[in-house]
Every structure is written in C-alpha cells, then in structure tokens.
Amino acid sequence: MRARIEPVPDEAIEDEKLRALIRRSEEAGVPDGRFVRLLAHVPGYAEALHDALDRSLCSGSVDGKLKEIVRVQLARLAGDPYFGALRSAPAREQGLTEELIEAGSDAGFETDGRFTPAEKWALRYAWLMYRAPKRVDKAFYDEGKRHYSEAEIMELGAFIAFHYGMQLFFGTIDMSPERGG
Amino acid sequence: MTEDLIDEGIEDRAASPRLAPAEKAALDYAELMATAPEKIDAAVYDGLAEHYTAAEIVELGAFVGFNIGYHTFFGTLDFFPMFSPDGRLVDQDEARRIYGDRPVSLQAALPADRALAAE
C-alpha cells in the first residue's frame, strides 16, 4: 500500500550526507531508511530530525532499553504503525526483549515486578504526558527527582515530546517500515 | 503578523477573509493533528496537495508534530517566557500572572480507550 506521501526514491537522493544517514539508519533500526527518504523532501529537516532522533536514542544517561520501551509505548498511543514496528538494534543487542517491550507498553507495567520504581516512574511519565498532562504536576516531578537527576528528567521529557510528535505525524501518512515490521 | 490574526487563525478561520484557502487548509491540518489525528486520511492529504508540494506538506507535518509534542511537555513544566509582551524581563511569578491562562490548549480528543477519564 502506498503512503499518503511517498518517500523520495533512492535514485533521486544525490546528497551524500542523506545517503550516509540512510546507511546509518539501516544499521540502527530506529529510524529506518524510509524516515530519511520521507524527510528528504526537505533535506534540512532530514538531517536535523535524524540527528535529534539518533541522539535521543543513542546518547544521554537514561538507559537506552528503557527509552526504547517508552518509544514503543508512545507509538501505540499515537496510532503509528511505522514507528511502532521499528526496533532499536542497540537495545536488542543489550538484551531488550519483545516481552519486556510488551510489558512496558501496557498499563500493567505499574504492577510488573520486572520494572524498578525508577523505571515505572519513567513509563508513567510517558503514559500520562498525552493522556492526562495535568497529572504531570509538581508532585509528579518531585517523585521523579527521587529517581533521576534534573538532567535525566529533561532527557526523558524531551525524548517523549520528540518521539510522540514525530509519531503523530507519521501515523497520519500511513507509511509502513522498510522491512515490513 | 498580529495577535489579532493569530487569534483569528485559531478560533475563527473558516469565515476569515484574511486567510487564504491554503492557509486555512494548513491550520485545519494542524488542529486535526492535535485533536483528532485519526481523522487525517487520504482526503485531508489530497486537500493539502491542492495547495502545497510534497516537500511543503512534509515540512508542515513535521513542524506540527514537533510542536504538539513539545508544547505538552513544556506545559507540564510550569514554565513561562522570560519577557512580557512589551519586552520587559520578568521573573517566573510575573510571567505566570501574564501568561498563565493563555494560550488555551487544544484539548486532545483521544479515543475513549486511550484517554484517562480524570483529566
């Protein structure tokens, strides 16, 4: 099925920086090459948004496996099959399983013994941000500060905002992953 | 750009003679993305394509998504601009008094199975 906006075909992408981003995407898994090809309609956006997405997943001090679970949880809320089907290769190599992703993507994470209190707070942060943002209040942040530094909370909040925003957009264009998810 | 035109584009654009059909289509798209993204179907994109190139639609969609994501996050931080509308540097208490009730957020209309009733 065709997406509502088609990615730019490989042969039409001559910019070597964009071609390098596509190659990097094929290694990292999130995003895949179609993300770059779609945004290649606006090359400056492709570079900037790929860089932001890549850094959000691969740098920072919050555990990458936890951020991968948060990312999939948000993709399901956004109704985005594209990002919902992608999986981070580094997170998988670090031992993240589909079972744990499923557990963190469902409200049942609150009582799941596989998650620490800090991880549950992070998962709750993502769970509430767009379902009930008024519940993300001072008391909620005070609780977060018992588990994370302010830098880590900003890392998580910005991660949630960036990924949910992109997932909302991608969810409307009906685009499938490069390898069928 | 004036505050008056911003308000008109948000609250009363359908009847506005100051906004072009292309601008109204872009504003409708942004509002749907925030409040009912599941209603953005092929017809919405076909409507945008009457006014915009694929590059412009991608630019618009990424811009809208990015802003929806970050506005909600920043809203939870109880965080206000450093300057008053007339350009004075103000502290956060004064900024809260100036900006605390505006803008009125678009209320996301998540499907019932996704929204939380207490919000």
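Mentor: Helices (H or I, at least four residues) and strands (E, at least two) are DSSP runs, numbered from the N terminus. This is a predicted model, where local features need pLDDT of at least 70, side-chain atom pairs count only at pLDDT 80 or more, and totals for chains, interfaces and linings use all residues. Residues are numbered from 1 along each chain as its sequence is written, and chains are lettered from A and ligands numbered from 1 in the order in which they are written.

Trainee: Thanks! How many helices and strands does chain A have?
Mentor: Chain A has ten helices and zero strands.

Trainee: And why is chain A called as compact as a globular protein of that length?
Mentor: Its radius of gyration is 17 Å, close to the 16 Å that the globule rule gives for 181 residues, so chain A is as compact as a globular protein of that length. The radius is taken over C-alpha atoms, and the rule is 2.2 Å times the number of residues to the power 0.38. Along its principal axes, the C-alpha trace of chain A spans about 50 × 35 × 30 Å.

Trainee: Let's zoom in. Which residues are buried in α3(A)?
Mentor: A:Ala46, A:Leu49, A:His50, A:Leu53, A:Ser56 and A:Leu57 are buried there. Seen down the axis of α3(A), the buried residues fall within an arc of 130°, so they line one face of the helix. That arc is the one of the directions from the helix axis to the C-beta atoms.

Trainee: What about the other side of α3(A)?
Mentor: There, A:Gly44, A:Asp51 and A:Arg55 are exposed.

Trainee: What do the buried residues of α3(A) pack against?
Mentor: Their partners are α1 (16–28), α2 (33–39), α4 and α10 of chain A, together with α4 of chain B. By contact we mean that two residues have their C-beta atoms, placed from the backbone, within 7 Å.

Trainee: Now α4(A). Is that helix mostly covered or mostly exposed?
Mentor: Mostly covered, as 13 of its 15 residues are buried. A:Lys65 is found in this helix, which covers residues 64–78.

Trainee: A lysine! Is A:Lys65 buried or exposed?
Mentor: A:Lys65 is buried, because 20 other C-beta atoms lie within 10 Å. Leaving aside neighbours within four places in sequence, A:Lys65 is in contact with A:Ala91, A:Gln94 and A:Leu96.

Trainee: And what does A:Val70 touch?
Mentor: With the neighbours within four places in sequence left aside, A:Val70 is in contact with A:Ala122, A:Leu123, A:Ala126, A:Phe159 and A:Ile160. A:Val70 is also one of the residues that touch the most other members of the largest nonpolar core, which has 64 residues. Such a core is a set of buried Ala, Val, Leu, Ile, Met, Phe, Trp, Tyr and Cys residues joined through C-beta atoms within 7 Å. The largest share of this core, eleven residues, comes from helix α10 (residues 150–173) of chain A.

Trainee: Last topic: how many residues of chain B are in contact with chain A?
Mentor: 31 residues of chain B are in contact with 29 residues of chain A. The largest share of that side of chain B, 17 residues, comes from α4(B).

Technical notes. Buried ≥ 20, exposed ≤ 12 C-beta atoms within 10 Å, placed from the backbone.
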